[in-house]
Amino acid sequence: MAIFKIVHITKYQYNWPIKESINELRLFPHNFSNQDVIDYQLLITHNPEVEYYHDYYGNKVANFNNLEAHEEMVIESRMTVQVNHSLKIPAFDSNTIKDIEKEKSENITLLRLSYPEVIVKQEEIKTILTSIDVANKPIIEIAQLCNQYIFDNFTYTKGITNIETTIDEILTLKKGVCQDFAHVLLQLVRTFGIPARYVSGYICPYESGLRGEGATHAWVEIYTPSQGWLGLDPTNNIWTMDNHVKLAVGRNFYDCTPIKGTFKGLARQTLSVCVSIGYEDGRHYEEINDVLLEEIPQEVKEQISYIEQHQQQQQQ
């Protein structure tokens, strides 16, 4: 059993004032059988009114508008969470794909989470499954073999992928980060008909030195009839442990995006994220990352450049 105090600070900065920033947050830790939320606090620049609801997958979601003109917006999420994964490795489970077909036919969510994405390199996915010999094996063994394959054949490398990187591109690069590896694992197990969902959260630093520690993290949960949802972390080739803190679940990253939104105005924006994790024994860990944002359209770039040039001329 472990208790973590996590502070997640997201800072948007703009080189010109923008307004009417509309945002959607999925930064709320799950209450489930192995995770209890002791305390939670959300702080936002200008203290806007926040509306809450639960989405299709049961995630708590917040919406807010920041209507005033501003050059900076800070969203601070503070939580205290207790995690207790009593079993680091799932119990022996002989359930196969055939054993879950009836349940899938009666549960639209499980069925929805069983379909792989439509990708160009689907034949490569099938070749991988053939190479690791998953036919006629139990669900848990198939998932574990797929997890092992990704760990052995893909290189953990920061800075070469972003939120727009496709599964096809990851299969070509054979490199990426936790989000990329989660998407590949989802494609593999879903191709075999196993219900699986993307999970966003944190992996808190541990003595074992796991990859992706101290920052936002992603992994996968597979479903078995006898044990329900079980977490697999392909970045580290492990089942989820006491240091995995869960925020949101969904079909892919886009269902679990911690923060997404839009605004009015022509401005260049930068995004930095700081995650601070504190332990009961006083240990503390902090990581700050500058996030690569989606590419803005060329037309917008030209308009921003024109405004900047005009401003510089006026100042001379």
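**Contacts, ring pairs and strand pairing in a predicted model**

Reader: With which residues is Y57 in contact, leaving aside its neighbours within four places in sequence?

Author: In this predicted model, the place of Y57 is the loop between β3 (50–54) and β4 (60–66). Once the neighbours within four places in sequence are left aside, the residues in contact with Y57 are T109, R112, L113, V249, G250, R251 and D255.

Reader: Is Y57 buried or exposed, and which side chain joins that of Y57 in a polar contact of 2.8 Å?

Author: Buried means under 20% relative accessible area. Y57, at 14% relative accessibility, therefore counts as buried. The polar contact of 2.8 Å joins its side chain to that of R112.

Reader: How many aromatic pairs does a search of the whole structure find, and what is the geometry of the pair of Y14 and F263?

Author: The search finds nine aromatic pairs. Y14 and F263 form one with 5.1 Å centre to centre and 70 degrees between the planes. Planes over 60 degrees apart count as edge-to-face, so the pair of Y14 and F263 is edge-to-face.

Reader: Is the pair of F28 and Y40 stacked, tilted or edge-to-face?

Author: The ring centres of F28 and Y40 are 5.1 Å apart, with 55 degrees between the planes. Stacked pairs have planes under 30 degrees apart and edge-to-face pairs over 60.

Reader: Which residue lies over the face of W229?

Author: The residue concerned is at 4.0 Å from the ring centre of W229. It is R197.

Reader: How does strand β10 pair with β9 and β11, and which residue stands opposite L232?

Author: Strand β10 (residues 228–233) is mostly covered, with five of its six residues buried. Five bridges join strand β9 (residues 216–224) to β10 in an antiparallel arrangement, and E221 has G231 as its bridge partner in β10. Two bridges join β10 to strand β11 (residues 238–239), also running antiparallel. The residue opposite L232 in β11 is W239.

Reader: Which residue takes a positive phi in the hairpin of β10 and β11?

Author: The hairpin of β9 and β10 has three residues between its strands. That of β10 and β11 has four, and there a phi near 55 degrees belongs to N237.

Reader: Where do the buried residues of helix α3 fall, and which helices do they pack against?

Author: In α3 (residues 122–131) the buried residues are Q122, I125, I128 and L129. Seen down the axis, they fall within an arc of 110 degrees, so they line one face of the helix. On the other side, E123, T127, T130 and S131 are exposed. The buried residues pack against α4 (139–153), α5 (167–173) and α6 (178–191).

Reader: Which backbone oxygen lies 2.6 Å from a polar atom of the side chain of H70?

Author: H70 lies in strand β5 (residues 70–83) and is buried, with a relative accessible area of 4%. Leaving aside neighbours within four places in sequence, its contacts are Y14, W16, P17, I18, S21 and H46. The backbone oxygen at 2.6 Å from the side chain's polar atom is that of E68.

Terms used
Residues numbered from 1 in each chain as written. Predicted model: local features only at pLDDT ≥ 70, side-chain atom pairs only at ≥ 80, totals over all residues. Heavy atoms only, no water. Phe/Tyr/Trp six-rings, centres within 6.5 Å; stacked < 30°, edge-to-face > 60°. Lys NZ or Arg CZ within 6 Å of the ring centre and 35° of its normal. Buried < 20%, exposed > 50% of the residue type's maximum accessible area, 1.4 Å probe, protein only. Pairing = 2+ DSSP bridges. Arc of directions from axis to C-beta. Contact = heavy atoms within 4.5 Å. Polar contact = N/O pair within 3.5 Å; in protein donor to acceptor, adjacent residues only side chain to side chain.
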